[in-house]
Amino acid sequence: MARVAVVLFNLGGPNSLEAVRPFLFNLFNDPAIMNVPGPIRYALAKVISWRRAPIARDIYARLGGHSPLLEQTQIQAEALESLLAERGHDVHCFVAMRYWEPFISEAVARVQAMNPDHLILLPLYPQFSGTTAGSSLAQWAEEAQKAGLEVPTNRICCYPTEPGLVAAMAELTAVRVAQARRVGEPVVLFSAHGLPRKIIEAGDPYQKQVEETVAAVVDRLGAPTIEARLCFQSRVGPMEWIGPSTEDEITRAGAAGRPVVVVPVAFVSEHSETLVELDLEYAHLASHKGVPLYLRVPTVGRHPAFIGGLADLVERAVRVKDGPSTHINRRICDTVCRRCPNRPTAA
Ligand SMILES: C=CC1=C(C)c2cc3[nH]c(cc4nc(cc5[nH]c(cc1n2)c(C)c5CCC(=O)O)C(CCC(=O)O)=C4C)c(C)c3C=C
Ligand SMILES: [Fe+2]
Ligand SMILES: [Fe+2]
């Protein structure tokens, strides 16, 4: 039986308050985030991380001084590995973070020590953005080449309408919608991490794929119909970001006296953007804007349908080692994934 390594990618988060500034530096020094020449980017990253650090430290202090993202991702990795073992595969799951430990270079070393027959790269970002999955996959390619790691590799670019993801999100949303209906008909805000508008205008498919996820979840929720809106959170810096903002939508719902249900649509686990921004900051805003009830839907985490969906993607990748299968986005797959199981077949 083939020995398969699966690498789960996520953004990473500081494991102490001292780590906040270097973590932010790594983030802003990424050319996928700040597309300016190297020396300028380095200087800007130094300044921005220094300026942002006190705000970010305050955020992570509210989480006990560290990000829970790594622990959450390890739980997902263990759940996926167990499920694939139950399905008869010899798979080992690794975690690789882009901006903090365990760094991608460490995961490359661990995969090299395992010496698998087949490697599957699986970003924990359902929707593709060059700033997230694209950056992680590019960094993997660089580190793997440096380390001389050569193994047949499939990259899974994205899975915005993967049925397990959609089922898990819809099931968790339905619970909160039912709770909110005790007070009134809720506005359901699908909240995604925002991006600078110029990144979308340069062709990044993230916003379009987030829209696809929302449409699939709304469709799955079925009747009675809900009033759903897509909005974007977590804006940083002076540039124009895509909208509408989640804050504006909460304010609008409050003015109409409607309960609010917030669904994190681009995050699959809990971290600062859900536990602080959604649960504390936006809940506080809602209470001041006249929202009668504010409820947040948990992220899909290790929901069996979501982990089952990831296992299906991995199984397709295992099969596709010798050929293409079904598709998501031909343009992304041509440039990013190469042997991705979601690579489109010719139209
Ligand atoms: C869909 C996921 C994400 C996209 C797209 C994204 C783009 C993006 N992010 C920043 C700046 C920051 N992001 C921060 C935290 C953070 N971001 C994501 C996901 C996406 N980012 C996650 C999961 C997290 C949480 C990490 C954790 O807590 O473990 C932060 C740090 C926190 C803060 O200071 O607010 C920054 C900064 C930019 C600039 C950007 C696109 C250009
Ligand atoms: Fe972010
Ligand atoms: Fe792909």
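Begin by selecting Glu-273: apart from its neighbours within four places in sequence, Glu-273 is in contact with His-193, Gln-233, Ser-234 and Phe-267. Keep in mind throughout the tour that this is a predicted model.

With Glu-273 still highlighted, colour helix α10, residues 272-288, in which Glu-273 is found. Glu-273 counts as buried, because it has 21 C-beta neighbours inside 10 Å and 20 or more such neighbours are enough for that label.

According to the unreviewed UniProt entry, the annotation "binding site" covers His-193 and Glu-273. Although these positions span 81 residues in sequence, no two of their C-alpha atoms are more than 8.3 Å apart, so they gather at one spot.

From His-193, widen the view to the sheet that contains β5, an open sheet of four strands in the order β6-β5-β7-β8, with parallel pairing. Its edge strands, each of which pairs on one side only, are β6 (227-233) and β8 (294-296). On average, and ignoring direction, neighbouring strands in this sheet are turned by 25 degrees against each other. Strand β5, residues 187-193, is joined to β6 by seven bridges, and the two run parallel; to see one of these pairs, select Val-187, whose bridge partner in β6 is Glu-227.

Now show the helices on this sheet. Helix α6 (residues 163-180) lies across β5, β7 (260-264) and β8, and runs at about 165 degrees to β7. Helix α8 (residues 206-221) lies across β5 and β6, running at about 150 degrees to β6.

For the next stop, select the other sheet, again an open one of four strands with parallel pairing, here in the order β2-β1-β3-β4. The strands at its edges, pairing on one side only, are β2 (90-97) and β4 (153-155), and the twist averages 20 degrees from one strand to the next. Strand β3 (residues 118-123) pairs with β4 in the parallel sense over three bridges, and within this pairing Leu-121 stands opposite Arg-155 in β4. Helix α3 (residues 69-86) packs on the sheet, where it touches β1 (3-10) and β2, and its direction makes about 165 degrees with that of β2. Helix α4 (residues 104-114) also packs there, touching β1, β2 and β3, with a direction at about 160 degrees to that of β2.

Then turn to ligand 1, which has 23 residues around it, of which Gly-13, Ala-56, Ser-67, Leu-69 and Ser-272 come nearest. The elements that give two or more residues to this shell are α1 (20-28), α2 (38-61), α5 (130-147) and α10, and the largest share, three residues, comes from α2.

While α2 is on display, pick out Lys-46, which is found in that helix. Lys-46 is partly exposed, with 14 other C-beta atoms within 10 Å.

Finally, zoom out and colour the domains: the protein is divided into domain 1 (20-61) and domain 2 (163-296), and the C-alpha centres of domain 1 and domain 2 lie 26 Å apart.

Conventions
Residues numbered from 1 in each chain as written. Chains lettered and ligands numbered in written order. Predicted model: local features only at pLDDT ≥ 70, side-chain atom pairs only at ≥ 80, totals over all residues. Domains from an automatic or database assignment. Pairing = 2+ DSSP bridges. Axes fitted to C-alpha atoms, helices over the stretch in contact; angles between N-to-C directions. Contact = placed C-beta atoms within 7 Å. UniProt positions renumbered as here; feature names shortened; annotations may be inferred. Buried ≥ 20, exposed ≤ 12 C-beta atoms within 10 Å, placed from the backbone. Near = placed C-beta within 6 Å.
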